[in-house]
Amino acid sequence: MQTDTKPKLTSFARREKAFTVDDRYLIIPIQNKGKASGQIQLFVDDQEIRNYGLNIATSADTTDWYAFFTIDAYKGQKARVIANRVTEEGFALIQQSNTVPGEDSFFQEPHRPQFHFTQKVGWNNDPNGMVYHDGLWHFFFQHNPVALPWGNMTWGHAISKDLLHWEQQPNKLFPKTMARGACFSGGATVDINNTAGWGKNTLVAFLTDTGAGESIAYSTDGGNSFKWYEKNPVVKHKGRDPKVIWYEYDETDEPLNNTAKALGGHWVMVVYDEHPAHKRNAAFYTSTNLREWTEQSHLPGYFECTELFELPVDGDKQITRWVVFAADAKYAVGTFDGKTFTPEHEGKHQVHWGPYYASQTFDNAPDGRRIQMGWIRISSPGPYNQHFSFPHRLTLRKSDDGIRMFVKPIKEIEDLRAISNTADSQTLTADKSASLRVGSDLLDVRLVVEVGDASAIDLKLPGRSIRYDVKTQMLNDTPLQTVNGRISIQVLADRSLTEIIGNDGRVFITSGGPAKLNGGEISVTARGGNAKLIVLEAHELKSIWNADSASRGIVAAANVFLLTRSTLPRATRPHRAEHY
């Protein structure tokens with residue numbers, strides 16, 4: 001039908017409104033439509049506190065989810081919000097609220113992991129600032145609080161008393177308002193001896209400000225708030241992702257200077273660096289006060305999220321090695337004299353396999369354990385996107401191949417057991433299965449098999465198939481040799497995620513998994529010959545997001561919630577160097 005009536009065009013404009021902060025949140029309607037084309041700025045008493053690129057929905061009908069900023073810290077103050085490229089109807093939906101639409105459904109989504117931490121909503125990538133401080137495990141992370149794709153790099157924040165149950169806190173470090181640019185990755189430490197002058201036990205975070213360089217934000221209130229160091233950046237170079245540790249002297253060390261001698265050690269920063277001579281490398285800097293740093297050495301061949309730590313070998317504290325890790329989860333073992341890392345082998349070793357990236361370990365752990373978490377590059381349809389690994393402990397052990405890293409889920413996973421199912425030890429006749437029934441899809445499965453003359457061992461869980469090929473010695477395409485004729489496998493089965501641990505941590509394989517299932521059968525089968533089942537255990541696990549967890553008072557950060565429609569984002573964010 002022809003008509004002379006022109007279609008109504010959507011009218012985009014810059015819009016502004018003022019208000020007095022009365023409620024907990026400022027909610028913002030978001031529409032999924034690719035690259036951010038709009039902008040929102042929030043001012044309190046004329047000071048800009050938030051500045052994000054985003055896509056504000058044109059109306060309630062086009063709203064996919066709501067972003068929300070936590071603003072109750074400014075209660076009673078005058079605020080002003082400015083939005084660019086927004087419709088009148090869309091701008092009217094930006095308002096104060098004490099609730100977020102749909103928040104009662106957080107952590108109940110069928111694809112949401114139930115014993116892995118995920119942020120309530122929004123994008124995540126690298127773990128950041130992992131540190132133990134005054135009885136709490138602090139876990140910061142790279143976060144886009146106003147979209148499901150990568151962007152607007154902010155430091156999200158969660159805390160835990162037991163490494164299992166996490167309470168999400170308001171976001172802590174913000175792009176363009178705290179930092180000059182984006183808040184890229186880094187670590188955190190505790191200044192126990194007040195070397196920087198901000199007070200004993202200060203929590204000090206190091207990060208890359210993409211508009212300046214390696215920078216500091218510090219907290220004197222246990223991580224509730226952070227102050228931006230006025231003399232940032234403290235290191236200026238071409239690189240990113242600083243991790244700072246305390247290097248304690250022994251009788252063989254030569255102190256940096258008299259101050260270091262009096263302190264009994266010095267600070268070390270390891271940071272990814274790009275250098276004309278060393279190319280991509282891990283650079284090492286030293287300091288006695290966290291504020292002034294001296295370049296010491298370079299280790300070529302490392303890229304992004306470098307880390308340095310010391311571990312005993314086979315648990316013997318008299319025999320230790322240092323380890324350099326990087327984003328690709330490959331590592332080297334060697335010695336470190338406080339300035340220079342010297343590998344004791346050629347090339348790198350590998351323990352992690354699959355879409356596992358940009359891990360970090362907790363600094364200042366109270367029990368001496370080295371606990372690691374990584375970014376799992378597996379997408380989610382919303383209201384959150386991307387995942388984190390279950391916390392795992394790193395150890396060094398002697399093997400036939402030399403000293404190697406072993407990785408196992410932390411022992412606290414046993415505290416999540418609800419029901420344990422076991423099978424008797426038995427002969428596995430060729431192509432006949434031994435099985436267990438389970439009533440949950442949240443599982444910790446343990447298997448030990450003498451492979452005998454079988455050609456393969458198949459382990460099946462609800463929605464998952466795992467195979468050990470005896471001839472090629474491959475566990476799901478990952479090389480793994482038998483030990484005394486046996487293979488041991490541990491599987492953590494959570495919604496959307498699967499983690500497979502081979503031979504007591506010799507390999508740690510990360511992969512995806514199905515959404516919510518209703519339990520089912522676990523079976524083990526010897527193919528092409530007989531084998532012997534030594535152990536088959538299936539532990540059904542409790543959710544960390546149950547009523548008890550909810551009562552812990554989880555606080556939302558500035559995030560997003562998926563209401564009606566979703567667009568599956570890309571599995572990985574653009575290479576970060578492109579965003580300098």
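## The largest cavity

Strand S8 (122-133), strand S16 (239-248) and strand S26 (356-361) each contribute at least two residues to the lining of the largest cavity, where strands are DSSP runs of E of at least two residues, numbered from the N terminus. On a 1 Å grid over the protein atoms alone, a cavity is a set of points where a 1.4 Å probe fits but cannot get out, and lining residues have an atom within 4 Å of a point. The space in the largest cavity is about 80 Å³, a volume being the space filled by probe spheres set on the points, which are joined across faces, edges and corners. Of the 15 residues lining the largest cavity, Gly186, Cys305, Thr306, Ser359 and Gln360 are the closest to its centre.

This is a predicted model, in which local features need pLDDT of at least 70 and side-chain atom pairs count only at pLDDT 80 or more, while totals for chains, interfaces and linings use all residues. Residues are numbered from 1 along each chain as its sequence is written, and side-chain values use heavy atoms, with hydrogens and water left out.

## The largest pocket

A pocket, by contrast, is an open set of points with protein on both sides within 12 Å along at least five of seven lines. The largest pocket holds about 1400 Å³ of space, and among its 43 lining residues Trp246, Glu248, Glu310, Trp322 and Arg370 lie nearest the centre. Strands that each supply at least two residues of this lining include S16, strand S20 (307-313) and strand S21 (316-325).

## Nonpolar cores

A nonpolar core is a set of buried Ala, Val, Leu, Ile, Met, Phe, Trp, Tyr and Cys residues joined through side-chain atoms within 4.5 Å, with buried meaning under 20% relative accessible area, exposed over 50% and partly exposed in between, for a 1.4 Å probe and protein chains only. The largest nonpolar core has 50 residues, and Phe115, Phe117, Phe139, Trp166, Phe325, Phe362 and Met405 touch the most other members. Another core, of 40 residues, lies apart from it and has Ile28, Val81, Val131 and Leu173 among its members.

## Two loop residues

Asn503, in the loop between strand S41 (497-502) and strand S42 (507-512), is buried, with a relative accessible area of 9%. The side chain of Asn503 reaches the backbone oxygen of Gln481 at 2.6 Å.

Ala36, in the loop between strand S2 (25-30) and strand S3 (38-44), is partly exposed, with a relative accessible area of 39%. Leaving aside neighbours within four places in sequence, Ala36 is in contact (heavy atoms within 4.5 Å) with Gly53, Leu54 and Asn55.

How values were computed. Helices (H or I, at least four residues) and strands (E, at least two) are DSSP runs, numbered from the N terminus. A polar contact is a pair of N or O atoms within 3.5 Å; within protein, one must be able to donate a hydrogen and the other to accept it, and residues adjacent in sequence count only if both atoms are side-chain atoms.
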